[in-house]
Structures are given as structure tokens and as C-alpha cells.
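Please find below some short notes on this model, meant for someone looking at it for the first time.

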Amino acid sequence: MAESEAEASSEEIAGKAIGEVAPPRNNMDRFIDGIELIAAFFVGVVAADVFISVLLRKFFSYQIPDSYDFGRFLLGILIFWGIAATSYRGTHITVDLIWANVGPRYQRMIDVFATLVLLFVVTVQTYTLFDKVRGTYNDNVLTYDTHMPTWPFFAVAWAGDVSAVLLIAIRTYRLVFHPEEMHDPNIKATE
């Protein structure tokens, strides 16, 4: 009986500690979560497309019209929405050799600099992708089998890139002015 009380109290303490660490959720956090959910949705769509295409080809000798084009375009959409999902959280590949060996103040400076560089690169990428959307729309580029216009696929990918720019801008703002709102435990507020 004493063991079950000890287990219950340790669970309560762990639950309270977890609840106390998490900052309150606001509209911006819900916006960020929404973008991550959209990226997760596209992961599911690409997985379903590949699975169904392989299943139909293997067992029924049937190929979905334009399945290659759809797969290509969906993979592009997935990549750009994936960039959006990883950009805010900072979960992309990083090299922390210098960052790990400096104090919190310099860590924050490195984080801000790296995020500004990422913001610049993704903004330029978004601009060039918009040219691709406009070009495929103006040139009336169509898929091979069903003759569907391809520009909507590029537009959805571009929307993911725009989302990445917004999230990186939010990350930069929070790193500079409100580091306590970052959900990354490695980011510390400095004075």
C-alpha cells in the first residue's frame, strides 16, 4: 500500500512538473501547430499514393493515370511543407560544435544569426518558387495522361514555402524579443 501511494505521488509530481514547464498556448502556437498538421497530412498523402500505386501495379497490373506526376508533385509539396514544419522548431540538421561550448548569451546570438540566414535563404527560395507557379500557369503546363494543369501543385508547394517564411520570421522575433516563448528547452533567455 505504501508503494502504491509513493507511485501515485511520484506520478502527480511528474505531471505537475510537466504542466509547469509548458508555457501557455496562444493563437500563434495554434497557427504553428496547424502548419505542422498540414505537413503531417501531406506525409500521409504521399505514403498512401505510393502504397496504392504499388499495390495496384503489383496485384492488378493497373497504373493510376498520371501516378508518376502526382507522386512527383506530392513529394515536392511534402518537401516544402516539411521545411515549414521543421523551420520553427529548429529540428532540422544542425552543427552545435561551437554553440555547445559557449555561454547562453552567445548561444542566443548564434541562434538569431542562423535563423536570420535561414529566413533570407527561404525568402529567396519562396520568390523563385512563385516564378515557377506563375510560369506553369502562364505556359498552361499539363500532366501527361489526364491533361490536368500542374500549377495548382506548385501553388500548394509555394504556400508551404510561404508558411516556412512566416514561421522563421516568428522564430526570429521570439528569439530576439521573447525567448521564453520558445518551446525548445535548449534556448535560454539572457539579459
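1. Helices (H or I, at least four residues) and strands (E, at least two) are DSSP runs, numbered from the N terminus. The chain has 5 helices and 0 strands, and its elements follow the order α-α-α-α-α from the N terminus on.

2. The model is predicted: local features need pLDDT of at least 70, side-chain atom pairs count only at pLDDT 80 or more, and totals for chains, interfaces and linings use all residues. Residues are numbered from 1 along each chain as its sequence is written, and side-chain values use heavy atoms, with hydrogens and water left out.

3. Of the 191 residues in the chain, 28% are buried (buried means under 20% relative accessible area, exposed over 50%, partly exposed in between; 1.4 Å probe, protein chains only). The chain exposes about 12,500 Å², of which carbon and sulfur atoms supply 68%; accessible areas come from the Shrake-Rupley method with a 1.4 Å probe, and for residues only the protein chains shown count as cover.

4. Contact means heavy atoms within 4.5 Å. Among contacts in the chain with a separation of 6 or more, 76% are between residues 24 or more positions apart.

5. Helix α2 covers residues 27-60 and includes S53. S53 has a relative accessible area of 8% and is therefore buried. Leaving aside residues up to four places away in sequence, S53 touches I64 and S67.

6. F60 is also found in helix α2. With a relative accessible area of 57%, F60 is exposed.
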